[in-house]
Amino acid sequence: MFIETEPTPNPETLKFLPGRTVMEKGTLHIERADAADGSPLAQALFGVSGVEGVFLGEDFVSVTKADSADWDSLKADVLAAMMSFFASGAPVVHEGVVETGDTGGFDDDEADSDIIVQIRQLLDEKVRPAVAQDGGDVVYHGFKEGVVYLKMQGACSGCPSSTATLQHGIANLLKYYVPEVTDVRPVA
């Protein structure tokens with residue numbers, strides 16, 4: 001098995017492309033080893049010393065390292081853990097594990113339903129594919145009083161350029177197509 005790697009805008013995160021489907025639908029962002037119970041792949045990766053976060057996308061895995069680790073020595077161990085995992089035939093996630101996707105974080109106002117449909121459609125068609133190219137995802141959390149609330153995940157979580165992506169790229173796009181949008185804010 002050959003697994004490609006790509007850098008991401010986040011120097012702490014590398015994107016690994018195993019050449020196969022990782023997640024059938026949705027994504028899964030695991031920020032701590034003790035939260036990896038639902039994913040045997042994430043458990044295997046957190047077993048590598050220096051791994052601090054795992055993000056599972058449709059056809060990629062983004063791995064975030066600890067500040068004290070360096071990719072020159074860590075990359076080979078992550079690749080070995082992935083190859084061993086995929087060779088085992090184990091499921092990437094256990095049945096019933098809830099993947100993240102375009103889910104609301106709070107109750108949206110029903111009066112805004114047409115606006116929310118437009119926002120979600122733009123996120124799905126234009127934003128999420130672009131963000132996935134960088135090894136991450138953006139998750140819709142709500143729309144209230146002109147403000148869209150989004151959560152950056154994977155390589156985009158904690159990335160130095162994520163604020164610019166959110167405030168300039170995503171906000172400008174949403175404001176252009178949906179005039180009711182006045183601001184975009186991150187959710188922790």
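Trainee: What makes up the secondary structure of the chain in this predicted model?

Mentor: The secondary structure of the chain consists of four helices and eight strands, and, read from the N terminus, these elements follow one another as β-β-β-α-β-β-α-α-β-β-α-β.

Trainee: How do you know that the radius of gyration of the chain agrees with a compact globule?

Mentor: For 188 residues, a compact globule would have a radius of gyration near 16 Å, and because the chain has 17 Å, the two values agree. Along its principal axes, the C-alpha trace of the chain spans about 50 × 35 × 25 Å.

Trainee: Why is Glu 145 called exposed?

Mentor: Exposed requires a relative accessibility over 50%, and Glu 145, at 72%, therefore counts as exposed. Glu 145 is placed in the loop between β6 (136-144) and β7 (147-154), and Glu 145 has a positive phi of about 50° although it is not a glycine.

Trainee: What makes a residue of the chain count as buried, and what percentage of the 188 residues is buried?

Mentor: A residue counts as buried when its relative accessible area is under 20%, and buried residues make up 47% of the 188 residues in the chain. The chain exposes about 9600 Å², of which carbon and sulfur atoms supply 49%.

Trainee: Which percentage of the contacts between residues at least 6 apart in sequence joins residues at least 24 apart?

Mentor: Among those contacts in the chain, 61% join residues at least 24 apart.

Trainee: How many positive and negative side chains does the chain have?

Mentor: The chain has 13 positive and 30 negative side chains, and the centres of these two sets lie 2 Å apart.

Key. Residues are numbered from 1 along each chain as its sequence is written. This is a predicted model: local features need pLDDT of at least 70, side-chain atom pairs count only at pLDDT 80 or more; totals for chains, interfaces and linings use all residues. Side-chain values use heavy atoms; hydrogens and water are left out. Helices (H or I, at least four residues) and strands (E, at least two) are DSSP runs, numbered from the N terminus. The radius of gyration is taken over C-alpha atoms; the globule rule is 2.2 Å times the number of residues to the power 0.38. Buried means under 20% relative accessible area, exposed over 50%, partly exposed in between (1.4 Å probe, protein chains only). Contact means heavy atoms within 4.5 Å. Accessible areas come from the Shrake-Rupley method with a 1.4 Å probe; for residues, only the protein chains shown count as cover. Lys and Arg count as positive and Asp and Glu as negative; His and the chain ends are not counted. The place of a charge is taken as NZ of Lys, CZ of Arg, CG of Asp or CD of Glu.
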